[in-house]
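Colleague: Mind walking me through the charged pairs and the greasy surface on this one? I'd like the cut-offs as we go.

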Amino acid sequence: MMPTLAFSHSLRLTRTAPVLRSLALALCCAGLLSACSVAPVYQVPSTPAPASFKEAGALWQSAQPNDAVDRGDWWTLFADEQLNQLAARVQVDNQNIAAAAAAVQQAQAALRVEQAGLLPTVNGTLGQTRQGGGQSSGNGSASLGISAAWDADLWGRLRESVSAAQSSAQASEADLAAARLSAVGSLVQNYFRLREADAEMQILQQSIEGYQRSLQIAQNRYDVGVEARTAVLQAQTTLTNTQASVESLRQSRQTYEHAIAVLTGQAPAQFDLPPAAWNVTVPEVPAVVPSTLLERRPDIAAAERAVAAANAQIGVAQAAYYPSLSLSGSLSRSGSNLGNLFSASGLLWSLGASLSQSIFNAGATTAQVDSARAAHAARTASYRQSVLAAFQAVEDVLSNVAALHAQKPLLQQSLDSAEKVEQQMLNRYKEGQVPYTDVVTAQATALSARRSLIQLQLNQQLAAAQLIQELGGGWHADWMNPGA
């Protein structure tokens, strides 16, 4: 039940002392333009702060959300003009980004709705009626009025609702930044995989040309009776297996091309990305990666803003413990018709105020406060988990980057050796010194080494792109040294 106490300058209250104190406090707060608030003072939740990265030895600083920092065009670190053009198109035409942008507009509109609740509402009315019947010529009336109402925000309920909406809007903006980072990140991943497929197909095509020559050599030797039929069959098998690998890569390339089309807002049938040389540029990871870069991760910013919104909702719930004050007023004129409305003497006015306080609701208010506190605790845990997950992701990628860097010279050495063996075996086979099985083995080993090196170069680019994403979007010099 919610009893209403109406009062004016002549009202005499006969309530108990606690109610009188609540009323006096309410009027005082109203006079101070709603200076009271019962919401907890918001503090950004503490998070674990290791002294350094385990996998990089970088200095670590306490992370605070700083999602407003400009990330710049981080994909340009890979120095690929085709990629730059596609990334620019993703920014404009990607539908996930468009949906996130619309969500930001929706959240901002919701914020304006909450802000409007802080101000009075004013309504105007204008009407005319006429009635009659039988032998009556009829009579009429007209009215013109204006009314206003205002809910005094005594305990900060409305202001905390605004604060919650504002935090939610900021979280939506962080979600938009995350959508952009994710969409461009997906583009980079698919683009490099496509270019790596092009490079592998080129190497396989070169191998096919060599295998065709080897098959012809084996066939010629078989025709003159110096080679068994087995050598021809082995050469044919090597050739056809390599041709099948090309077809498999071509199918994978088509899949990557389809993904890029959708990321750029196009139907796959309308998009074509011709083969091109692979620019194997891998951004160098800085020797020191400060943890302040993690502050720019949009998922961390969104999680922290959700905590702030949940904190404000506690204040909204706790405000229900206290009385609410509403002020209203109206001014109206009436007459027999619209023509004499302003000349009529019928001026009516009213001023009023009402104070309402819940006396008994079976613990519903307490339950709502408990629910708001539990929601805040859940958001806090989610925020801390987001930070921990960010730490883990960066450590994982740094470990991967280091491992790939160590593997590259080893794979290059392996390829050099395999190519030498391949050539030697082919020369010795031509001279009749070794069977063709030795040539097949050497060719398979060399081809595997070539493909392994290309795949490692791809993995280096993918790891660099992933590290950029995990750090919130790049590591330009001004980001590395914010105070410079």
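**Strand, patch and salt bridges**

Modeller: Trp349 lies in strand E5; helices (H or I, at least four residues) and strands (E, at least two) are DSSP runs, numbered from the N terminus. Bear in mind that this is a predicted model, where local features need pLDDT of at least 70 and side-chain atom pairs count only at pLDDT 80 or more, while totals for chains, interfaces and linings use all residues. Residues are numbered from 1 along each chain as its sequence is written, and side-chain values use heavy atoms, with hydrogens and water left out.

Colleague: Is Trp349 buried or exposed?

Modeller: Buried means under 20% relative accessible area, exposed over 50%, and partly exposed in between (1.4 Å probe, protein chains only). Trp349 has a relative accessible area of 61%, so the label is exposed.

Colleague: Which strand gives the largest share of the nonpolar patch?

Modeller: Patches are made of residues with over 30% relative accessible area and no salt bridge, with like charges joined within 9 Å and nonpolar side chains (Val, Leu, Ile, Met, Phe, Trp, Tyr) within 5 Å. Here Val122, Ile146, Leu331, Leu347, Trp349 and Leu351 make a nonpolar surface patch of about 660 Å². Three residues, the largest share, come from residues 346-356, strand E5.

Colleague: How many salt bridges turn up in the whole structure?

Modeller: The criterion is a side-chain nitrogen of Lys or Arg within 4 Å of a carboxyl oxygen of Asp or Glu. A search of the whole structure gives twelve.

Colleague: What is the relative accessibility of Glu227, the salt-bridge partner of Arg221?

Modeller: The closest N and O atoms of Glu227 and Arg221 are 3.6 Å apart. Arg221 counts as buried because its relative accessibility is 17%. Glu227 counts as buried too, at 19%.

Colleague: How many residues apart are Arg450 and Glu422?

Modeller: These two form a salt bridge, with the closest N and O atoms of Arg450 and Glu422 2.7 Å apart. The pair links distant parts of the chain, with Arg450 in helix H8 (residues 436-470) and Glu422 in helix H7 (residues 364-430). Arg450 and Glu422 are both buried.

How values were computed: Areas by Shrake-Rupley, 256 points an atom, 1.4 Å probe, with all protein chains shown as cover.
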